[in-house]
Amino acid sequence: MSDHSIAVLIPCYNEALTIAKVVDDFHAALPQATIYVYDNNSTDDTAIIAAAHGAVVHYEPRQGKGNVVRQMFRDIEADCYLMVDGDDTYPAESAPALCAPILNGTADMTVGDRLSNGTYAQENKRAGHGFGNNLVRAMIKWIYGYGFEDVMTGYRAFSRVFVKTCPVLSAGFQIETELSIHAVDRRWRIMDVPIVYRDRPEGSVSKLNTVSDGARVIMAIASLFKNYRPLKFFSLVALILLVAGLIAGIPVILEYFSTGLVERFPTAILAVGFVFLASLAFCAGLILDTVAKSERREWELAVYREMNRETSR
């Protein structure tokens, strides 16, 4: 591992209470790594404390974790990128286990799994977060067919090729979901690594809002579903519209067969409209699926170019 460069990425917003311990712990766990702290408009001494403990500090004025991660991925060059929150909830002792599959070439993204060993359920004091994590896992499993053990964890490691070819579109806490869906859709090699989770220390306050941030995550999943799986998305929309059309139209059809008349013209027009929209949605899905496959081919070529560039370094 000492022959490879490792970058520890710590996005921070008002983590003065914990950042010193986090930086020190990761220096001890990965002595050869460079610790990067990106301060996201903190109003406390997070940046000053991090710099005093040996971290390389940068500033990101655009508010939101997704914006910070995007800039980190653009700025930093390394063989392995380890991303962790600055709230001291993730153990630095697990860092080598997360980095090893990246460095030996057996994984492109490793995920710090807090759930399978039960520590998240024991330590987490916010019941809605556990439900939200399970809901997002179920949605990704249904849409993409891949079952993450822990999809919302902020403790992950990435290969250089993954980082340099990953389009980060999210601005906020949807970033973990976006990275997970991107990894599944692009068929990167993913490995879950069980970790011990601990809740924030007393006095440290979470920046997450269970309801509003949860809603943003679900909207992000829907948007990425449309972008990455347009045929499946629009086929589902078409099916819903078709069922609505049949519900509206079947009574009209039965009436016609029994009386030979169509007396409920508004209902008949509504049914035809639903069926027409269903056909339109399905055709849109077919067209966008062709576009998505073309984009996927271009992305695959971009990955090959990046891998060749990495080999020649």
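Is E77 buried, partly exposed or exposed, going by its relative accessibility? Keep that one in mind, everyone, while I walk you through this predicted model.

Let's start with strand β5, residues 109–113. Five of its five residues are buried, so the strand is largely enclosed by the rest of the structure. In a regular strand, side chains alternate between the two faces of the sheet. Here M109, V111 and D113 point one way, while T110 and G112 point the other way.

Now for the neighbours of β5. Strand β6, residues 156–159, runs antiparallel to β5, and three bridges join the two. With β7, residues 190–194, the pairing is parallel and has five bridges. Take V111 as your landmark: it stands opposite R156 in β6 and opposite D192 in β7.

Next, salt bridges. The count comes to 15. One of them joins the side chains of R160 and E77, at 2.7 Å from N to O. These two are 83 residues apart in the chain: R160 sits in helix α7, and E77 in the loop between α3 and β4. So, back to my opening question: E77 has 45% relative accessibility and counts as partly exposed.

R114 lies in the loop between β5 and α5, and D150 in the loop between α6 and β6. R114 is buried, with a relative accessible area of 5%, and D150 is buried too, with 0%.

Last stop: D185, R186, R229, E295 and R296 are linked in a network of salt bridges. Have a look for them in the structure!

Technical notes
Residues are numbered from 1 along each chain as its sequence is written. This is a predicted model: local features need pLDDT of at least 70, side-chain atom pairs count only at pLDDT 80 or more; totals for chains, interfaces and linings use all residues. Side-chain values use heavy atoms; hydrogens and water are left out. Buried means under 20% relative accessible area, exposed over 50%, partly exposed in between (1.4 Å probe, protein chains only). Helices (H or I, at least four residues) and strands (E, at least two) are DSSP runs, numbered from the N terminus. Two strands pair if DSSP finds at least two bridges between them. A salt bridge is a side-chain nitrogen of Lys or Arg within 4 Å of a carboxyl oxygen of Asp or Glu.
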